[in-house]
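Okay, thanks for coming, everyone. Let me put the model up, and then we'll walk through the chain contacts and a few spots inside.

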Amino acid sequence: MVMQPFRLLRPTSLAEARTLREKNDEASFLSGGHTLLPTMKQGLARPPVVIDLTRIDGLRGIAASADAITIGATTLHAEVAASEAVQTKIPALAGLAGSIGDRHVRNRGTIGGSLANNDPAADYPAAALGLGATIVTDRRELAADDYFVSLFETALEPDEIITRIVFPIPDAAGYAKFRHPASRYSIAGVFISRKGKDVRVAVTGAGARGVFRATNFEQALAKDFRAEALEGLTVDPSALLEDLIATKEYRAHLVHVMARRAMTHLGSAQSYK
Amino acid sequence: MLNERAFKAVGKPLRRKEDLRLLTGKGHFTDDFNLPGQVWAAMVRSPHPHARINGIDKTAALAMPGVLAVYTGADCIADGLKPIPHSPVPSTKYDVKLTGRGGTPVFIGAHDVLPPDKARHVGEAVAMVVAETRAQAYAAAEAVEVDYEPLPSVADSREALSADAPKLYDEMQDNVLVDAKFGDAENTEKAFARAAHVVSLQTHIGRVTGVPLEPRASLAFYDPADGRYTLYAGSGGAVRQKHEIAGVLDVEPETVRIIALDIGGNFGTRNRTFVEFPLVCYASKKLGKPVKFRAERSESFLTDYQGRDLFVDISLALDKDGKFLAVKTANLSNVGSRCVSLSPLSKGSGLITGSYNIPYATLHAQAVYTNTMPTQAYRSSGRPEVTFAIERLIDKAARELDFDRLDLRRRNLVTPAQMPYPNATGMTYDSGEYEANMDRLLALADWAGVEERRKEARSRGKILGVGFANYVESSIGSPKERADLIIHAKSVELVIGTQPAGQGHETSFAQVTADLLGLPFESVNVTLGDTDIVSAGGGTHSGRSMRHASTVIALASGDLISKGEKLAAHIFGVPVEEVKFEDGIFRLADRNVSLSWFDLAGRSNGPDIPVELRGDLKVRRDNEMHTPVFPNGACSCEIEIDIETGALDIVRYATVDDVGRCINPLIVHGQTHGGIAQGVGQAMWEECHIDPGSGIPTSGSLMDYGMPRFDNLPSFKTQIVEVLSPTNPFGVKAGGEGGTTPAPAVIMSAVEDGLKEFRPFELELPITSLKVWTIIQQGLQRQKEARA
Amino acid sequence: MTVVSMTVNGAPVSKDVPDETLLAFFLREHLGLTGTHIGCDTTQCGCCVVQLDGKSVKSCTVLAAHAEGANVTTIEGLAKDGLLSPMQQAFRDLHGLQCGYCTPGMVMAATNLVETYKGELTEAIVREEMEGNLCRCTGYHNIVKAILAVARGEVTPRDRVEG
């Protein structure tokens, strides 16, 4: 299949975007295009109308406060990776953004697009869940714990627009992933953070229902925030994805290894293949 | 015969002429061409691996926007289209002669461009839609209603052997199209009977696809004014395609003009006619408009001709000192749903004994039809498979019988004194220094430092696996080639029938021509790929091009020099014996009088020239050569294995390749690099996987099909060796496929070496981190239990 | 249909194109710049890479409309004053191309890498940063050499090309 014709609408304000969406209930939103356009090229999505969000002021940019980094929905992966604020305050997040896809993809793909799509193997869901981010939309604020529902499914309403994501600044964080040899998406990616007594361990690429928290890992690390604390712990293989490249058991094993490597390389994002 | 001292261009790493246009976006790939008024084609493809076609309803599709026509197999047959004449059975003098059971002819099922009866593989085109825009054509293709009656299907070649397997062709009793035995059964059995040791191996070299980065494309234009078809389409040989497409359209070959200029990679995938090539010609005539087709990458994954897929069951008999006495092998090839080329099975059959002096062998060669995409030649057709089998088996013998794997090989190599060496399946190796190549390779690879590197890797938690493989491969190819040499006012044109897709013929053939004619390299231009100019030629495959081209160019040069001497003699007014040709100049022996090629060309049409000599200064020469040549070499690699994850990282790769005379080392090293990558890709990441339950292929895109990339390959150490072949004037063997031939074998050798502490284990290609991790886990578990 | 205007290789262009037109097809079919190639349908191969406002992007996955007002450079725009660019020169000198199909995207990606990478380029970093570009012919070996040669300032353009 090839890209089918559609009408492109380019609002310059959020209000205009909402109005256009109301008038065109089969419309899809477009940000960097690196999720929607490939899907449309394969004929898997054929919206007759596409509403481009990239001309809306205020949706792009990175702001830092004392305890949070706020990233606008249409901010590019490359911008997050290169941001001095993110590099100093949440280096694992900057590293994660810098490991998405390849450098050309990072020059177009956006955080809002990635989170709205919720690909079960994407990196940002692990960061959002792993840092306890808040996804702010045009109508409400959603805690990451409530945001991710299942594969390619989020709590967003069909016409809801993400405007920014607020990442609390942790005391420490790390990310490690093992990549699929062809797609280069994660088959096991683990984002770990600690803020005070709270420890979060978010796993992407592996769960049969998308990104999830490995609560047994969190409990062990909350008591003893060292890689060694994870000794002998595993996530439940039966809840994991399976394909030619990785069985459930292998994925569970990789989740464990990636969690340990995230712990031994805190303050960075590590990529293995 | 050749005066090597005159070589100014041959042997030099001259930079390529092709590059200026390719580096500046001025290439001429098929999709770059457009014709006014062109319309677009899209294929309706079977979702079933095997299904009867009970009817095709065009109504809904025809009603869609922009749609001009829908064509089915019934339409094609009604309009007199014939099946594609693939001529799949290799038939040069030295090809191993494959037959059906009992010596019967191989049954070639008709390859209709659109089948009227059944779809025989997932993705097979059963109808074609033509519309104003490409998007309209693809959308309308979804609306064509095909009444399929799904039939039982078979994908695995071992299952297809059975008499009970679903049958692809009603004319056959089963799916077995090739079943032939070769070799010396009696002496082989005797050797096995008296052998001190016998080692065996069953293995599968799986199915891969070429993934040339340019997807297939074709643009056809039928001109009613002269009744000719012009088809822009990349292929492995424009002349061959012209004949095949004319055969489908049932017209005289001269009615068809093929234009194949720049081609974005071939590797064998483009060597045979794709159904859409004659179909767009047909549609163009029906509609009176140019018709264009461009495949999506997902269509390429599904319907490019695929490669390999060979099951091997091989045994080696050795004496107590490790001397190889005999080899027995059964090779089963999966040709897919159409017999497009039996080259892989045939080529491999001639090389089952590899680089080794094994006096007796038997081969049972079989090929089956299955409900999968047809396979045909792919980079080093057939040779990586048999090299994998013999080299893996020798590693196994070394392990089980406690021989050093290098020593075991050394003592059994064919020696230079034995050349030309007739092997046990009838191939005569022309020349080679196999042991010297091993020594060169061990030095290049710093084999002496291996143990140190193993220790260093261990200190970082990695296991270093070290692999080694020898190889010998064959280059046969279409036996005929033609060269036209034309002297223009300031340049010389070579017209030749090879078909490069990156091998640099415009450069390397210019080097050959320049030195033969004594002209500067810059003054030679090579014309390829337009069949209105290129009248004959064998295309490019099997490493044939430089050998055939350099030979026919040498012959043509001789003819042209002879013509030049006659012309010069007339102009000088002397007998022809007094004319001396040297360094591109025709001179009189004793006097300071000379004429250049361009002087002669400027005068050759003059009224003063006798009629029998008058005309443009040009020659045409045909040549036919059947004798194969045998490039050969040795390679090694080192792979770091992450014990925790099973991940593999190739850290070193070295190869020594005897290519015969190397015309351009820059180009030949590049061929080796690319060849290595393709062979490594098969070993590590590439697989055309088919779901066993449904028969549906699952590797539909680059998301599933792993490729060699910048970040999963090392830089290579490659060394060229030139042991001239006695079979052709330049002594050329071939340089295009030696990189691939031993690559799967050497990767497996390294991994089996690295994982030896976790034996025993089973391992088949591709070697994924999952498979490695599983072996490590099971091995560690056994070690734990042993200690308990 | 939308009128899309941008600067391509230094020249202003403006075309009325269907909204769904991707930048790669805008270049190839509407501007006749067929140097930018299409190799896949999953945004992975990199044959289509061009520079958009100084950044390398995969033009098969960018709407032409998204390049409105932008400065686009394609392979046809790299040669300067009738000379190959340093990266083009390096690819030629070191045999970094064979069939030439991946080459436009490869050269654009490599050029952008050397221009924008902060820090020293080593072989390992080049191999990592270039993972978005596939080549089936060269095995990458010579391309890595070419990129490192340019990064080290070792390449002087000297081959002439027509305007």
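So, chain A against chain B: the count there is five salt bridges, a salt bridge being a side-chain nitrogen of Lys or Arg within 4 Å of a carboxyl oxygen of Asp or Glu. One of them joins Arg260(A) and Glu644(B), with N to O at 2.4 Å. On the chain A side, helix H11, residues 248-264, gives the largest share of what touches chain B, namely eight residues. Helices and strands here are DSSP runs numbered from the N terminus, H or I of at least four residues for helices and E of at least two for strands.

Before I go on, the ground rules. This is a predicted model, where local features need pLDDT of at least 70 and side-chain atom pairs count only at pLDDT 80 or more, while totals for chains, interfaces and linings use all residues. Residues are numbered from 1 along each chain as its sequence is written, chains are lettered from A and ligands numbered from 1 in the order in which they are written, and side-chain values use heavy atoms, with hydrogens and water left out.

In contact terms, meaning heavy atoms within 4.5 Å, 25 residues of chain A meet 25 residues of chain B. The chain A side splits into 14 nonpolar, five polar and six charged residues.

Next, B and C. Here 52 residues of chain B are in contact with 54 of chain C, and the buried area is about 4500 Å², with carbon and sulfur atoms giving 57%. The rule finds six salt bridges across this interface, including Arg15(B) to Asp159(C), 2.9 Å from N to O. The polar contact count is 26 residue pairs, both at pLDDT 80 or more. Which helix of chain B gives the most to the side that touches chain C? That's H18(B), with eight residues. By type, that side of chain B has 23 nonpolar, 15 polar and 14 charged residues.

Asn664(B) sits in the loop between strand S28 (648-658) and helix H18 (665-684) of chain B. It's buried, at 1% relative accessibility; buried means under 20% relative accessible area, exposed over 50%, partly exposed in between, with a 1.4 Å probe and protein chains only. Its side chain reaches the backbone oxygen of Leu14(B) at 2.9 Å. Leaving aside neighbours within four places in sequence, Asn664(B) also has Lys12(B), Pro13(B), Thr507(B) and Gln511(B) among its contacts.

Over in chain A, have a look at Asp102(A), in the loop between helix H5 (91-97) and helix H6 (103-106). Buried or exposed? Buried, at 7% relative accessible area. Its side chain makes a 2.6 Å polar contact with the side chain of Lys58(C), and one of its polar atoms lies 3.0 Å from the backbone nitrogen of Val105(A). Besides Lys58(C), Asp102(A) touches Glu131(C) and Gly132(C), not counting residues up to four places away in sequence.

Last stop, helix H10 of chain A, residues 215-223, whose buried residues are Phe217(A), Glu218(A), Ala220(A) and Leu221(A). They cover an arc of only 170° around the axis, so they're on the same side of H10(A); the arc is that of the directions from the helix axis to the C-beta atoms. The face turned away carries the exposed Gln219(A) and Lys223(A). Covering the buried residues of H10(A) are, among others, strands S12, S13 and S14 and helix H11 of chain A.

That's my tour; over to you.

Conventions
Nonpolar A, V, L, I, M, F, W, Y, C, P; charged D, E, K, R; others polar. Polar contact = N/O pair within 3.5 Å; in protein donor to acceptor, adjacent residues only side chain to side chain. Buried area = accessible area lost by both parts, 1.4 Å probe.
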